[in-house]
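I opened a new page for this chain. I want to look up its parts one by one and note what I find.

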Amino acid sequence: QVQLVESGGGLVQAGGSLRLSCAASDLSFRRYGMGWFRQAPGKEREFVAGISWSDGSTSYADSVKGRFTISRDNAKNTVYLTINSLKFEDTAVYYCAATSAYGQRYAYWGQGTQVTVSS
């Protein structure tokens, strides 16, 4: 069982930047693909970004390409999401997720961290 703890959310002005962190409890962190999802009020949870366990390749939702960057530090068991040029519509609860070991389907979820963008 992998436990994930997000941090770094908060209230930010539009145009600003933020870095979210997600720390994993499993010391074999490098075996897991990692991702970030978000859920805005009244909307379904959506995929934002992912990074593979194998070669560190990344993928992004079209709506965030060029503004969001996902990265991982296997030595610290942590995945990051750097968000630039924040928009009001980025307001959401951001969730960290991990796949099963060496897998592709997300099996573990964090509790989420709130990001609120003010105009």
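Is cysteine 96 buried or exposed? I looked it up: cysteine 96 is buried, because its relative accessible area is 0%. Buried means under 20% relative accessible area, exposed over 50%, and partly exposed in between, with a 1.4 Å probe and protein chains only.

A note on the source: this is a predicted model, where local features need pLDDT of at least 70, side-chain atom pairs count only at pLDDT 80 or more, and totals for chains, interfaces and linings use all residues. Residues are numbered from 1 along each chain as its sequence is written, and side-chain values use heavy atoms, with hydrogens and water left out.

**Entry: the disulfide**
I found one disulfide in the structure. The term stands for a pair of cysteine sulfur atoms within 2.5 Å. Here cysteine 22 and cysteine 96 are joined, with their sulfur atoms 2.1 Å apart. The link is left-handed, at -80° about the S-S bond. It ties distant parts of the chain: cysteine 22 lies in strand S3 (residues 18-24), cysteine 96 in strand S9 (residues 92-99), 74 residues apart. Strands are DSSP runs (E, at least two residues), numbered from the N terminus. Cysteine 22 also counts as buried, because its relative accessibility is 0%.

**Entry: the sheet**
I traced an open sheet of four strands, in the order S1-S3-S8-S7, with antiparallel pairing. Two strands pair if DSSP finds at least two bridges between them. Strand S1 (4-7) and strand S7 (68-73) are the edge strands, and each pairs on one side only. Strands of a sheet pair through backbone hydrogen bonds.

**Entry: S7 and S8**
How many bridges join S7 to strand S8? I count six, and S8 covers residues 78-83. The two strands form a hairpin with four residues between them. In the turn, asparagine 77 has a positive phi of about 55°. Isoleucine 70 stands opposite leucine 81 in S8, and arginine 72 stands opposite valine 79.

Next I checked the side chains along S7. They alternate. Phe68, Ile70 and Arg72 point to one face and are buried.
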